[in-house]
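Reader: I would like a close look at a single part of this structure, with the setting of that part described as well. Please take the geometry step by step.

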Amino acid sequence: MNPVDKPGKTGALMPVEEALQRLLDMAEATPIREQDVLPLADLDGRVLAQDLISTLDLPPWPNSAMDGYVLRLSDWRGEPLPVSQRIFAGQAPQPLAAGTCARIFTGAPVPEGADCVEMQENAVLHADERVSFSEPLQAGQNIRPRGQETTVGERVLTAGTRLGPIELGLAASLGRDRLSVVRRVRVAVLSTGDELIEPGLPLGPGQIYNSNRRVLCSWLARMGCEVIDGGILPDDLEQTRARLAGLGNVDLILSTGGVSVGEADFLGIALREEGELALWKLAIKPGKPLTFGHFRGVPVIGLPGNPASTLVTFALLARPYLLRRQGVHEVTPLRFEVPVGFVWPKPGNRREYLRGRIEQGKAIIYRNQSSGVLRSAAWAEGFVEVLEGTTLAVGDRVNFIPLSEVLN
Ligand code: AMP
Ligand code: MG
């Protein structure tokens with residue numbers, strides 16, 4: 001990487017970090033506090049509202065990590081030991097009789113008095129049914145001690161954790177069948193533009209199909225949001241006002257389009273009249289124009305309308321905002337440093353999120369990076385982050401953000 005970052009080069013553009021920080025601050029100022037208590041089966045993707053404190057030791061008793069034989073180490077002096085009991089998982093064993101061993105299976109409780117498990121592969125079963133051991137033994141071997149994973153009173157998950165299969169499994173392992181979660185965020189999605197029609201209808205002159213609505217509604221649903229699909233909003237002030245007013249009780253109005261410079265920005269006018277409006281010019285590409293405001297007290301985020309711009313600004317700005325509203329701490333996606341397999345000769349004044357893939361250990365990018373080309377993202381596995389003011393030669397390192405990190 002070859003930074004040629006001169007002071008003032010980015011001009012009046014707002015850096016991505018600053019826009020994100022402002023959005024997160026605003027999210028923290030209006031947290032969603034209501035909680036639902038729901039069964040684990042309904043909680044994938046939801047946000048934990050209260051710390052999960054263990055009321056159990058896990059495992060609750062020492063148990064065997066192997067199929068084999070359990071013994072008291074001091075009883076083993078090289079003389080074969082008789083087998084005094086067989087202990088399967090799910091059974092409560094008798095204390096181990098002195099001078100004996102016991103057959104034991106993985107997950108079965110270690111009997112009182114025993115301190116060593118030897119795997120069956122290293123055990124020799126003699127004709128008289130006594131057992132000897134071929135390898136040296138150590139106290140505690142192959143025993144999972146009580147509480148090795150968790151002890152009573154420990155905080156296992158913190159409030160603000162997003163629940164997925166693993167967290168839900170952890171709650172289940174502690175015996176919890178329900179958890180308190182933050183109620184769903186209600187998000188209204190509006191697609192602005194006279195040129196838009198919905199798929200399924202014939203395409204008229206000058207029209208294009210509305211793709212942003214599908215991208216955002218499906219994505220929000222995956223995130224566990226309650227989606228209010230506001231459909232297409234024509235470029236018309238009266239209709240914009242009426243539609244905003246009719247959205248009812250939502251936590252965020254998320255619109256696309258109509259924020260480009262030079263266009264009659266009806267959303268902006270409506271927000272100025274009945275709320276407030278900030279128009280940001282971001283050092284991000286694709287992207288740049290972003291609206292943040294309020295309509296009658298309801299936060300509004302207006303994303304740029306080009307499909308790849310919508311995608312990138314939603315992933316990097318609106319999604320973290322929505323997660324933080326629900327109290328999620330970890331809102332920045334993982335980035336991996338990878339070498340590039342392409343050249344980037346011209347430094348830009350905006351941070352670029354190129355739609356790319358990893359091939360043979362190197363990041364490559366889709367041939368057409370136009371902000372209008374959604375296909376670039378369908379081809380891609382992630383965003384290749386090219387910082388402001390940098391050029392790249394093959395082998396230089398960049399950050400790669402997998403799409404799987406943000407599409408949830
Ligand atoms: P705008 O931000 O309204 O100036 O739109 C920028 C570009 O994105 C224009 O080419 C629009 O036609 C296109 N666009 C806006 N909204 C959508 C949408 N919902 N689906 C697909 N393309 C859109
Ligand atoms: Mg438009």
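In which hand, left or right, does α3 pass α6 in their crossing?

Author: In this predicted model, α3 passes α6 in a right-handed crossing. The contact is made, on the side of α3, by Asn212, Leu216, Trp219 and Leu220, and on the side of α6 by Pro307, Thr310, Leu311, Phe314, Ala315, Arg319 and Leu322. Sorted by class, the residues in this contact of α3 with α6 are 8 nonpolar, 2 polar and 1 charged.

As for the geometry, two packed helices are described by the angle between their axes and the distance between the axes. Helix α3 spans residues 212–222 and helix α6 spans residues 307–325, and the two pack at an angle of about 25° with their axes 11 Å apart. Because angles under 35 degrees count as roughly parallel, α3 and α6 are therefore roughly parallel to each other.

The setting of this pair is a chain with 8 helices and 28 strands. The radius of gyration of the chain is 30 Å, well over the 22 Å that the globule rule gives for 408 residues, so the chain is more spread out than a compact globule. Taken along the principal axes, the box filled by its C-alpha atoms is roughly 95 × 50 × 45 Å.

With regard to confidence, the mean pLDDT of the chain is 95, and 96% of its residues reach 70 or more. Over residues 1–10, however, the pLDDT is below 50, although this stretch has 21 contacts in the model beyond near neighbours in sequence. Where pLDDT is low, the predicted coordinates should not be read in detail.

Technical notes: Residues numbered from 1 in each chain as written. Chains lettered and ligands numbered in written order. Predicted model: local features only at pLDDT ≥ 70, side-chain atom pairs only at ≥ 80, totals over all residues. Heavy atoms only, no water. Axes fitted to C-alpha atoms, helices over the stretch in contact; angles between N-to-C directions. Helix = DSSP H or I, 4+ residues; strand = E, 2+ residues; numbered from the N terminus. Parallel < 35°, antiparallel > 145°, perpendicular 65-115°, else oblique. Left-handed = near helix turned anticlockwise from the far one by under 90°. Contact = heavy atoms within 4.5 Å. Nonpolar A, V, L, I, M, F, W, Y, C, P; charged D, E, K, R; others polar. pLDDT = per-residue confidence, 0-100. Rg over C-alpha atoms; globule rule 2.2 N^0.38 Å.
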